Number of protein chains: 2
Amino acid sequence: MADDLFYQKGFENTSFTDIADTAGIARGNFYYYFKSKDDILAAVLSKRSENIRELLSEWEKEYPEPAERLKNYALMLVKSQSTIENFGCPLGAMCLELNKLRHALQDDASGMLELFREWLSKQFSALGHEADASKLAMHMLGRCQGISLITSAYNDLDYLNREVDALQEWIDTLSPGYKQRPGQ
Amino acid sequence: MADDLFYQKGFENTSFTDIADTAGIARGNFYYYFKSKDDILAAVLSKRSENIRELLSEWEKEYPEPAERLKNYALMLVKSQSTIENFGCPLGAMCLELNKLRHALQDDASGMLELFREWLSKQFSALGHEADASKLAMHMLGRCQGISLITSAYNDLDYLNREVDALQEWIDTLSPGYKQRPGQ
DNA sequence: GTCTATACGGAGATAGAC
DNA sequence: GTCTATCTCCGTATAGAC
């Protein structure tokens, strides 16, 4: 699928030949289904968004507690650590590349981040942080993006696991039962 | 200079025509100075490393205290917020792109991150965290990379300033005079 | 040293046979 | 619907005039 190639090689650096070879069909045949390369990108982004929506609704079924949901999001980094080590975060890399290309679909890419942000925000609200739920969500997005990038730059999975642990603890800190320090 | 173009457009997406136009010289004339495009990249990476070394030694002169030095590193994000908003962090983006290209010079790119990591690590050691200075340094690198990426994806400078403030507070937390909470 | 002209390959895209 | 052949454009790189 083109999605994997865009993730592994980047959008611009993936050619029709690459996609056709992977899919096992002829180059020219692509134009029967897509009218341009950007059209393929649009389809990929749309499919990814759909996958994200499905993933989030699955998580909601599987984990009833907001704190568990948040921790599960962080845990996603650990689960996909081998691909992150090689290619970074698929969302972050896509946003960055389309941004630099000043591509028309760059908002579609950041829209995928937005799906996560909204969902995370809801969980933080449910934890009792209605006032700054969105800020906490963005903080968490940023932490995860940073972890992904450094992990791929250094090929350091110890770092990734360490940082995810720290994130989990941070979430505990924000949970209702957490013992606050005096004067705060 | 080619450096700016690589930063703003990415390496692969920058053509000789782009560089020649910016430099105001003829395309073909480049091969008098560089034997290939990769050769230009090598020169750019080398120059960047040199700049980083200079920057770090300047900071050491300007700020005697390790905590101030660390804070100044975080403050760099604020100072260059307009370019970060548009193009992300030059180091992080370069590492990510060369990584995906499986480029021979990808280690040179992560070597630039390593310069910062070593320097940050020294400052954390001086703050009294010899045992996990390197881990704290990587944590800080990751935080900054995440901030850069999210800032560019969302074009949100409020987020950037908020997160840099949080980083500064985190550094205070690690400083010798900081009042610890009981039981820790 | 700096330019123009050009080679050569690979990219995206199209036409038309089957 | 799927293929092959081909077009055009632009990329890096080279040759050679000045």
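A polar contact is a pair of N or O atoms within 3.5 Å; within protein, one atom must be able to donate a hydrogen and the other to accept it, and residues adjacent in sequence count only if both atoms are side-chain atoms. In this predicted model, local features need pLDDT of at least 70 and side-chain atom pairs count only at pLDDT 80 or more, while totals for chains, interfaces and linings use all residues. Side-chain values use heavy atoms, with hydrogens and water left out.

A polar side-chain atom of B:Asn29 lies 3.3 Å from a phosphate oxygen of DNA strand C. The elements giving two or more residues to the surface near DNA strand C are α2 (16-23) of chain A and α3 (30-33) of chain B, where helices are DSSP runs (H or I, at least four residues) numbered from the N terminus.

Altogether 14 residues surround DNA strand C, and the closest include A:Lys37 and B:Tyr33; a residue is near the strand if one of its heavy atoms lies within 4 Å of it.

A:Asp38 is placed in helix α4 (residues 37-62) of chain A. Not counting residues up to four places away in sequence, A:Asp38 touches A:Phe11, A:His103 and A:Leu105, contact meaning heavy atoms within 4.5 Å. A:Asp38 and A:His103 are 65 residues apart in sequence and 9.2 Å apart in space, C-alpha to C-alpha.

Notes: Residues numbered from 1 in each chain as written. Chains lettered and ligands numbered in written order.
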